[in-house]
Amino acid sequence: MPEIKNIHMDGFTGAIMAVESFDGTVTVLHGPGGCRNYHTFLSSQCYPRKSPENFRKYSQKYFYWNSRIPCTYMDENDYINGAESKVGEILQAVKEIDGGVAVFIQSPGAALIGDNISGVIERLEYSGTALAIEESLISQPFSRSYDHTVRSITEWKKPRKTGTRKGTVNILGLPITTKAWADSLEELKHLLTLCGIETVTSPGAGCSVGDIDSSADAEYNVMVCPEYGSGTAEYYEKELGIPCIKSEAGAPAGFDASEEWIKNICAVMGKDPSGALKYIGKQRFRAFNMIDKLVYNQKTRGVRFAVMADSSVLLPLTKWLYCYLGMIPVFLEAEPGEDPGCMKSLDAFIERRNLRDCQERDISKAEPYFVFADGHMSETMRLMGVCKAGVDLSAPDLSHFSFIPKPVMGPLGSMYILDEIFNNL
């Protein structure tokens with residue numbers, strides 16, 4: 001079998017998905033129609049917002065029967081002569097039909113033309129309700145572009161601090177491409193609430209542009225995946241004096257990392273973590289009882305697994321599967337845009353356990369039983385016979401649909417991963 005390489009989503013997609021993560025925004029794609037189709041599908045999969053009554057409303061030019069990501073549909077003449085006239089037309093159409101904050105993203109080809117989108121926005125007097133991400137971000141990692149775009153929208157909004165609400169936080173670094181991100185968000189909010197901590201909002205994960213104003217009064221920011229929120233956290237600390245709390249254990253994936261995540265937050269904020277730890281312990285005990293009654297409860301020991309994920313998820317998931325279930329990592333790959341701290345901790349972990357070859361193998365020769373990756377990659381590995389089963393951690397996912405909550409983060413995320421493992425052995 002030839003060597004298999006993971007196909008990573010790029011910075012162009014990261015910028016689009018970051019805009020789509022805000023409730024009430026409209027991503028306006030300046031480019032050819034071919035760049036729209038996949039991203040419209042991906043956005044609707046990650047953050048569905050379609051209403052049946054709106055079908056006819058979006059039949060207009062530039063929308064063409066789809067409410068997501070209207071496009072200027074640039075053609076060969078536009079590449080030669082420029083397309084600022086289309087920018088003006090689509091901007092006015094978006095305002096008449098949708099009314100949300102319009103955020104322009106340029107396709108890689110359109111970015112080379114040099115259309116002055118910000119100038120058009122200013123000339124038409126929409127500077128208060130529209131902006132353009134002028135940079136071409138396709139060469140950036142998906143996560144870094146996502147973070148940059150969330151920060152850009154926050155900077156454009158210019159939130160002003162009116163005071164500090166003690167005991168409150170914003171949640172940063174949770175992208176909508178995370179599997180069941182909304183359920184993960186609710187789970188993390190629940191953990192915080194059990195410790196007497198109120199969540200103000202979550203930039204990059206279902207936050208509205210209006211919510212950005214209230215985010216300025218939070219006492220702290222708390223980080224989920226630093227790859228997706230470090231730049232935004234830097235803006236909040238530099239401009240608004242809001243420090244960010246980050247767990248050295250990585251994202252709260254697995255029971256252990258979930259405990260570390262909430263204990264670290266409580267230690268900084270001077271809160272009692274016992275309520276959240278009791279909740280996590282209850283889920284851990286439930287998992288123990290479920291595993292204990294299975295006739296094959298020791299079957300996970302020695303099972304080979306591969307993880308292809310963001311470094312902040314790769315670290316805690318690898319440690320948890322190895323230490324909690326006795327599974328053996330045979331292939332580990334971090335998505336581009338790695339967090340240095342998480343990678344350093346991962347290197348130390350695998351070095352101490354003499355597992356260095358898991359970072360040097362070709363996955364097609366590693367023979368994993370499980371592949372933990374985005375839905376497309378995990379299913380591809382299964383269909384190609386590289387692994388016996390795949391476990392979805394993020395989008396894109398074209399084959400699996402969940403009608404019940406299946407978050408990746410928090411104790412319920414741990415139960416989802418255990419459910420996938422023990423039902424596929």
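Buried here means under 20% relative accessible area, exposed over 50% and partly exposed in between, using a 1.4 Å probe and protein chains only. The views show a predicted model, where local features need pLDDT of at least 70, side-chain atom pairs count only at pLDDT 80 or more, and totals for chains, interfaces and linings use all residues. Residues are numbered from 1 along each chain as its sequence is written, and side-chain values use heavy atoms, with hydrogens and water left out.

**View A. The buried residues of helix 2 and what covers them.** Helix 2 spans residues 34-46, and its buried residues are Arg36, His39, Thr40, Leu42, Ser43 and Cys46. Their cover includes helix 1 (11-20), strand 1 (25-30) and helix 8 (181-193). Helices (H or I, at least four residues) and strands (E, at least two) are DSSP runs, numbered from the N terminus.

**View B. Helix 12 against helix 17.** The two axes come within 9 Å and cross at roughly 15°; axes are lines fitted to C-alpha atoms, for helices over the stretch in contact, with angles from 0 to 180 degrees between N-to-C directions. Helix 12 and helix 17 are therefore roughly parallel (under 35 degrees; over 145 is roughly antiparallel, 65 to 115 roughly perpendicular, the rest oblique). On the helix 12 side, Tyr279, Ile280, Gln283, Arg286, Ala287 and Ile291 meet Pro411, Leu412, Met415, Leu418 and Phe422 of helix 17, contact being heavy atoms within 4.5 Å. By class, that's nine nonpolar, one polar and one charged residues (Ala, Val, Leu, Ile, Met, Phe, Trp, Tyr, Cys and Pro are nonpolar, Asp, Glu, Lys and Arg charged, and the others, Gly among them, polar).

**View C. Zooming in on glutamine 283 of helix 12.** Helix 12 covers residues 274-292. Glutamine 283 counts as buried, at 10% relative accessibility. Skip its neighbours within four places in sequence, and glutamine 283 touches Phe255, Pro411, Leu412 and Met415.

**View D. Helix 13 against helix 17.** Here helix 13 (residues 311-325) and helix 17 (residues 410-422) have axes that come within 13 Å and cross at roughly 60°. That makes helix 13 oblique to helix 17. Leu317, Trp320, Leu321, Tyr324 and Leu325 of helix 13 meet Ser414, Ile417, Leu418, Ile421 and Phe422 of helix 17. This contact has nine nonpolar, one polar and no charged residues.

View E. With a disulfide taken as a pair of cysteine sulfur atoms within 2.5 Å, the count comes to zero. Cysteine 225 is buried, at 2% relative accessible area.
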